[in-house]
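Good morning, everyone, and thank you for making time for this. Please have the sequence and the model open as I speak, so that you can find each residue as I name it.

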Amino acid sequence: METPRSVYVHVPFCRHRCGYCNFTLVAGRDYLIADYLKAIEIELDKIKTPIEVDTIYLGGGTPSRLPPQDLQHLLSLLGNRFRLVADGEFTMEANPDDLPGEIESVIRDSDINRVSLGIQSFSQPKLRSLDRDHDLPQIELAIDSVKKIVDRFSIDLIFAAPHDSLSIWEKDLSYGIGTGATHISTYELTFEKGTIFWNRKQRNQIHAPTDDHCVAYYEMAIERLRDHEYAHYEVSSFAKSGQRSRHNQVYWSGSPYLAFGPGASGFMDGVRYTNHRAVKRYLTKVLNGHSAIEESRVLSRREMAIDQIVFGLRLIEGIDLRQFEQQTGYQLNNLVPTECLDDWTEANLVTLESDRLRLTSRGILFADTICSHISMLEPPGPEASSPSDPNHN
Ligand code: SF4
């Protein structure tokens, strides 16, 4: 078995489901927390010898929704199986509503050294339009609290929300910069099928902004954040010097990692696996002695190489093609037709210089379209890709 260097744990609890959210979670059902912790323990029991890792990430859902004693319990379960290296990164996602409070001391006394705050906006009407519960005074309290317990914190901000405007977004960015966050992630609001927002959009009760508007929001973020020394290092991610997310780099580089909890996806020994997404089903399966895994697939060499292109292109520095060829055994034009590359180069979307392929500043604005096109490219001939149950212990 490959040695994983990273671990992801999904904590699926939220107060309510926000209208735009399609993540794996249960809303207002905290009575399931005890069963969840039992299930996580069963999953983790597969690890017989503690593993040294570089990064751990508690995501959700809302990990900070766990009552302090339950968070403490989860952390001790993880601490028994994983040893974080001396300069390791341990991130926990938190909602501004949950800080400050008793949870502070649990975080302070743990290995958690980075908090990712789901702020989304500092504008009250925009937060309401996003179905978020917190308000500006709560955000300020949460930021003060986070600064007391960790040196590194990231904030998430959303643009192109209903009733959003460039002037609201400009204030969100200024406020976000003013918090002193070491890392800022910006996301365009998306309308995912099955969400309340998607249904409202279908009924014309809510309107998605035009592509031109979205580009204007995004360009403003790039400009403002760069002006304040946040390096734009990935399509959605900006970091102060030395503050890039190490955990995300593991995903982007195609390195192996373990994942636990409902809906969590891991990648080990060339197998991508995903746990049961429906929380109740995940709990029933695991607590009754069945596998947590709902689906798993051996990725072909070609699929792994395509993933590396897609993730690599999302990095602003792009892809070192010599290194790519050494790692994957593929040349770029064996995977992406030369006509596509020529068209994108001509349209000033990608550039190829000194064996490095990267998106241009215009291409960054269309990263999702380009990457999804590459993901859907058909192989020239059939390649083996069979289902398998990964042994990720
Ligand atoms: S708090 Fe976050 S994870 Fe929970 S429902 Fe809202 S957007 Fe989704």
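Predicted model: local features only at pLDDT ≥ 70, side-chain atom pairs only at ≥ 80, totals over all residues.

Residues are numbered from 1 along each chain as its sequence is written, and side-chain values use heavy atoms, with hydrogens and water left out.

Let us begin with the domains. The domain assignment of the protein gives domain 1, residues 6-251, and domain 2, residues 301-375, and such bounds come from an automatic or database domain assignment. The C-alpha centres of domain 1 and domain 2 lie 28 Å apart.

The size of an interface is often given as the accessible area lost when the parts come together. Here domain 1 and domain 2 bury about 890 Å² between them, and 65% of that is on carbon and sulfur atoms; buried area is the accessible area, taken with a 1.4 Å probe, that two parts lose on being put together, summed over both.

Between the two domains the count is 2 salt bridges, a salt bridge being a side-chain nitrogen of Lys or Arg within 4 Å of a carboxyl oxygen of Asp or Glu. Helices (H or I, at least four residues) and strands (E, at least two) are DSSP runs, numbered from the N terminus.

Now please find Thr24, which lies in the loop between strand S2 (13-14) and strand S3 (26-27). Is Thr24 buried or exposed? Thr24 is buried, with a relative accessible area of 15%, since buried means under 20% relative accessible area, exposed means over 50%, and partly exposed is in between, using a 1.4 Å probe and protein chains only. Leaving aside neighbours within four places in sequence, Thr24 is in contact with several residues, including His10, Pro12 and Arg277.

Finally, the salt bridges, of which the structure holds 21. One of them joins the side chains of Asp98 and Arg15, at 3.5 Å from N to O. Asp98 lies in the loop between strand S5 (82-94) and helix H3 (103-108) and Arg15 in the loop between S2 and S3, so this pair ties together parts that are 83 residues apart in sequence. Asp98 is buried at 14% relative accessible area, whereas Arg15 is partly exposed at 36%.

Another salt bridge is formed by Arg314 and Asp368, whose closest N and O atoms are 2.8 Å apart. Arg314 is in helix H11 and Asp368 in helix H16 (residues 367-375), so that distant parts of the chain, 54 residues apart, are linked by the pair. Arg314 counts as buried, at 17% relative accessibility, and Asp368 counts as exposed, at 52%. Salt bridges that share partners also join Arg15, Asp97 and Asp98 into one network.

Conventions:
Contact = heavy atoms within 4.5 Å.
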